Amino acid sequence: MQDIETIWKQILEKLELRISSVSYMLWIKTIKPLEIDENGNFILVAQSVTAKNQILRNFLDKIDDCMEEVTGRNFKITVLDQNEEIEYLKNNRVDEKNTSKNEEKSPFKEKFTFDNFVVGKSNQFVYAAARTVAEHPGKRYNPLFIYGGVGLGKTHLLHAIGNYIHEFSPNLKIMYVTCEQFTNDYIASLYSPTKNKSIMEFRGKYRNLDVLMVDDIQFISRGKETQEEFFHTFNELIMNNKQIIICSDRPPKDIETLEDRLRSRFSSGLIHDIQAPDIETRIAILHKKSQLEKYYAEDEVINYIAERVDSNIRELEGKLSEVYFLATLNGKKVATMEEAKEVFTNEPKEEIKNDLTPDKIISTVCDYFNIGLQDIVGKKKNKEVVEPRMIAIYLISELLNLPLVNIGKIFGGRDHTTIMHSRDKITSELKTNKKIQNLISDIKGML
Ligand code: ADP
Ligand code: MG
């Protein structure tokens, strides 16, 4: 078979004729073909989560058709975003060990290095702490806990630590996982038919490390077992002077699902926050990305974007790439204000609502609080179910805009005034109650 790049090139030629040119430039041309595996999966990587969603919603059929025309085979298409790609590569690297291929390649994202991280007022302390930890793992700040809003560079820093250690201390065993992966991994071993052996393997994997990095710990579930396992993993590593680094979108005290003993462990080292970048830093970041990704743009364009996107660096980069692609469509090599203005006046409409249903909301709330479906829609009045029930009602009303009467039917035929009361109670709590704010934002994240 031809190599994947050649195949993908032929597929692209066909796709270009069937998709509008703007969509093609924005969503299709930026796809990276990753691999064709032995199970007939054709794995593609989208450049962002938004791009992935667009591709899945709007272009999958066309890609599928063109793929079949070019290869004469029926592939199952898998689209990953960049975080998923990292995971994929990491997992496959383990498999490849046996064939001793790629052993030297860093499992961390190549571009997420300290050199590519722009330091400014908003992140200088975090940067310094991350660097220290990379230079002296297990010796200084342990654990290091980094928190901050979405798209501010937390994952970038974890990978930078990973890349650094991989290069300068190649003998150290280092692992990056998201909290979700850790949890899934553990649960899989609990439910494995060879449970005891699997748990031993799990522990072997996580407790014999020199450096463990856990990303997005705010998604830790309430499940007792996982928290217990994490607690012991944590203690074992710290006791042996192994480095732990944790990232979250909020400080330990605001992670509602976290057990107290873990919260206090997390707080026992150094906690640092990473803030939204100021304008100078944003401009510097855009210049850096423009160099790295070859998204050429006039200085005026860079300033224009930096002024308009101020709280999320991922979005900042996204805008630069949109502007640049539009420029290439216009036959230019360097983006000008013409494209910048067009991108910002044609802000995409609200993301198309995904296929949320009341069922999905209810089951997510149940998962979150670890309660049964029957209980949440049933008559029970104990505290453990009343609050989740109100939250589910609030979310259904807010996200789906269903009439109160219909929501009442879903919740065991409750009267619409009861439903209204629940909804209003949460709405008013949300204004002041931090705990509720966090709960709702967690659950929305899961949805
Ligand atoms: P988070 O994990 O905090 O949500 P990421 O680490 O994924 O955010 O960062 C989002 C994007 O912004 C990445 O492409 C990253 O390279 C970029 N980024 C964030 N902070 C910086 C910085 N200080 N310098 C350069 N790029 C940055
Ligand atoms: Mg992240």
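In what follows, Ala, Val, Leu, Ile, Met, Phe, Trp, Tyr, Cys and Pro count as nonpolar, Asp, Glu, Lys and Arg as charged, and the others, Gly among them, as polar. The structure is a predicted model, in which local features need pLDDT of at least 70 and side-chain atom pairs count only at pLDDT 80 or more, while totals for chains, interfaces and linings use all residues. Residues are numbered from 1 along each chain as its sequence is written, chains are lettered from A and ligands numbered from 1 in the order in which they are written, and side-chain values use heavy atoms, with hydrogens and water left out.

Ligand 1 is surrounded by 18 residues, where a residue is near a molecule if one of its heavy atoms lies within 4 Å of it. The closest of these are G151, K154, T155, H156 and R314. By type, the shell holds 7 nonpolar, 7 polar and 4 charged residues. Three helices, α6 (154-168), α11 (279-293) and α13 (313-329), each contribute at least two residues to this shell; helices (H or I, at least four residues) and strands (E, at least two) are DSSP runs, numbered from the N terminus. Ligand 1 lies between domain 2 (124-274) and domain 3 (279-345), because both give residues to its shell; the domain bounds come from an automatic or database domain assignment.

Several polar contacts (pairs of N or O atoms within 3.5 Å) can be picked out here. A polar backbone atom of V118 is 2.8 Å from a nitrogen atom of ligand 1. On the side-chain side, an N or O atom of K154 is 2.8 Å from an oxygen atom of the ligand, and a polar atom of K289 lies 3.0 Å from an oxygen atom of ligand 1. Of the 560 Å² of accessible area that ligand 1 has on its own, the protein covers 94% (Shrake-Rupley method, 1.4 Å probe).

Turning to the sheets, two strands pair if DSSP finds at least two bridges between them. One open sheet has 5 strands in the order β5-β6-β7-β4-β8, with parallel pairing. Its edge strands, β5 (174-178) and β8 (270-274), each pair on one side only. Strands β4 (residues 144-148) and β7 (residues 243-248) run parallel and are joined by 4 bridges; L144 has I245 as its bridge partner in β7.

Another open sheet has 3 strands in the order β1-β2-β3, with mixed pairing. Here the edge strands are β1 (32-36) and β3 (76-80). Strand β1 runs antiparallel to β2 (residues 41-45), with 4 bridges joining them, and E35 has I43 as its bridge partner in β2.

Terms used: A polar contact is a pair of N or O atoms within 3.5 Å; within protein, one must be able to donate a hydrogen and the other to accept it, and residues adjacent in sequence count only if both atoms are side-chain atoms.
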